[in-house]
Amino acid sequence: MKKIAILGSTGSIGTQTLDIVRNYSGELQVVALAAGSNVELLEKQVREFQPKVVAMWSEKAAMDLKERVSDLEVSVLAGMEGLLSVAVFPEVEVLVTAIVGMIGIRPTIEAIKAGKDIALANKETLVCAGHIIMPLAKEHNVSILPVDSEHSAIFQSLNGEPKNRINKILLTASGGPFRGKRKEELQNMQVEDALKHPNWSMGRKITIDSSTLVNKGLEVMEAKWLFGVEPEQIQVVVHPQSIIHSMVEYVDGAVIAQLGIPDMKLPIQYALFYPDRRVMNEKKLDFFELQNMTFEKPDTETFYGLKLAYEALRSGGNVPTIYNAANEKAVALFLEKKISYLQIPEMIERSMSKISKIENPGVEQILETENRVYEYIAGLV
Ligand code: NAD
Ligand code: MG
């Protein structure tokens with residue numbers, strides 16, 4: 001029985017992880033869960049999966065949950081303390097980081113120190129703290145198993161291949177709902193428009209990030225840390241059908257790819273059972289049904305959030321944190337309808353040029369940078 005914990009169990013990745021646990025209830029057991037504020041859903045999950053410890057970010061929600069599940073033997077915690085307890089809970093073997101945002105950094109670090117393998121969906125953690133996380137994982141001999149579909153595809157395409165023979169990584173992107181649009185057409189895009197992703201159903205923040213190509217920018221940085229390649233070796237390829245989930249080109253010109261229907265359950269399940277593969281009763285790819293597969297260069301003039309990501313990655317230090325924090329804040333403001341769509345990349349760019357650079361930041365400096373960016377952006381709106 002593999003014992004797992006999930007940070008962000010009520011979200012898109014979290015609930016799909018629980019679907020897999022439900023299918024493999026004889027082999028996977030949930031022992032700890034954490035979520036933000038959705039008390040109703042977390043209560044349901046507690047009753048169904050019977051974890052030993054659960055945490056809610058909001059103190060009020062935690063109190064409410066505690067009352068609702070007082071008939072069960074489960075400890076209910078709150079805040080960062082709760083997240084950390086879930087992350088390091090003694091029985092946990094694999095921690096699924098399905099929380100959104102930089103809030104995932106500290107729990108992930110503590111889980112690694114406690115020897116837990118990480119099934120990593122929370123890309124913001126690697127973007128900001130990859131230089132801390134990757135060496136730490138090596139030191140504690142824990143695996144970082146990618147859940148992001150592109151990175152799972154790359155991981156699968158690297159299986160059994162010599163790592164020093166990679167020419168480049170071809171990171172595929174659907175292009176999002178605004179592919180082909182010009183900047184002028186994006187001026188008046190509303191939250192509802194940006195939330196209409198053509199191929200994937202995901203949480204709100206990442207769906208907005210997909211429309212701006214900032215998600216792809218974050219994934220470029222994530223790939224650098226996961227696979228130890230240089231920014232020049234990561235090429236973004238727009239592939240609107242989302243059938244090829246990413247590819248690796250080797251020095252001899254061979255390209256190895258992973259294909260499948262767009263469904264996050266496959267990469268999640270692959271991370272949970274790695275290196276094994278298990279049956280999945282979902283629709284399979286039918287090549288006779290596939291009309292065509294097409295490929296384009298990303299439009300980095302219109303969607304310059306992607307270009308800024310490469311700049312942030314090349315600068316290093318806390319610059320990826322500035323990029324990520326500015327995006328997190330700007331997306332939150334856009335979702336609250338307080339800023340316009342095109343202000344998202346604008347705020348990233350301005351933050352990157354205003355906030356001072358720190359080389360090799362520790363966790364404290366990463367979190368300080370986040371605060372500084374938040375204050376700077378608050379001053380702009
Ligand atoms: P989501 O918004 O659907 O879910 C986020 C989860 O985190 C929820 O359970 C929420 O309650 C919880 N949460 C948020 N803030 C919290 C806090 N402070 N304390 C405790 N819990 C908190 O997000 P999602 O789409 O599932 O994405 C999660 C992560 O996975 C993101 O980093 C995203 O980039 C990454 N990811 C998602 C997908 C996808 O298909 N959804 C694909 C690839 C990568
Ligand atoms: Mg992805």
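Guide: Before we start, a word on names: helices here are DSSP runs (H or I) of at least four residues, numbered from the N terminus. Please also keep in mind that this is a predicted model.

Visitor: What lines the largest cavity?
Guide: Its lining includes Ser149, Gln156, Trp200, His245 and Gly260, and the elements that each contribute two or more residues to this lining are α7 (149-157) and α12. By class, the lining of the largest cavity divides into four nonpolar, five polar and one charged.

Visitor: Then where does the second largest cavity lie?
Guide: The second largest cavity lies between domain 2 (151-314) and domain 3 (316-381), because both of them give residues to its lining. Among the residues that line this cavity are Leu186, Thr212, Phe303, Tyr341 and Pro345, and by class the lining has six nonpolar, three polar and no charged residues.

Visitor: Now the ligand: which residues come nearest to ligand 1?
Guide: Of the 23 residues around ligand 1, the nearest are Thr10, Ser12, Gly36, Glu124 and Gly203. Two helices, α1 (12-23) and α6 (123-139), each supply at least two residues of this shell, and the shell as a whole divides into 12 nonpolar, eight polar and three charged residues.

Visitor: Why does ligand 1 lie between two domains?
Guide: Domain 1 (2-146) and domain 2 (151-314) both give residues to the shell around ligand 1, so the ligand lies between them.

Visitor: What about backbone atoms, how far is Ser12 from an oxygen atom of the ligand?
Guide: A polar backbone atom of Ser12 is 2.9 Å from an oxygen atom of ligand 1, while for Gly8 a backbone N or O atom lies 3.2 Å from a ligand oxygen, and for Ile99 the distance from a polar backbone atom to a ligand oxygen is 3.5 Å. As for cover, the protein hides 87% of the 820 Å² of accessible area that ligand 1 has on its own.

How values were computed: Residues numbered from 1 in each chain as written. Chains lettered and ligands numbered in written order. Predicted model: local features only at pLDDT ≥ 70, side-chain atom pairs only at ≥ 80, totals over all residues. Heavy atoms only, no water. Near = heavy atom within 4 Å. Polar contact = N/O pair within 3.5 Å; in protein donor to acceptor, adjacent residues only side chain to side chain. Areas by Shrake-Rupley, 256 points an atom, 1.4 Å probe, with all protein chains shown as cover. Nonpolar A, V, L, I, M, F, W, Y, C, P; charged D, E, K, R; others polar. Domains from an automatic or database assignment. 1 Å grid on protein atoms, 1.4 Å probe; cavity = no way out; pocket = protein on both sides within 12 Å on 5 of 7 lines; lining within 4 Å.
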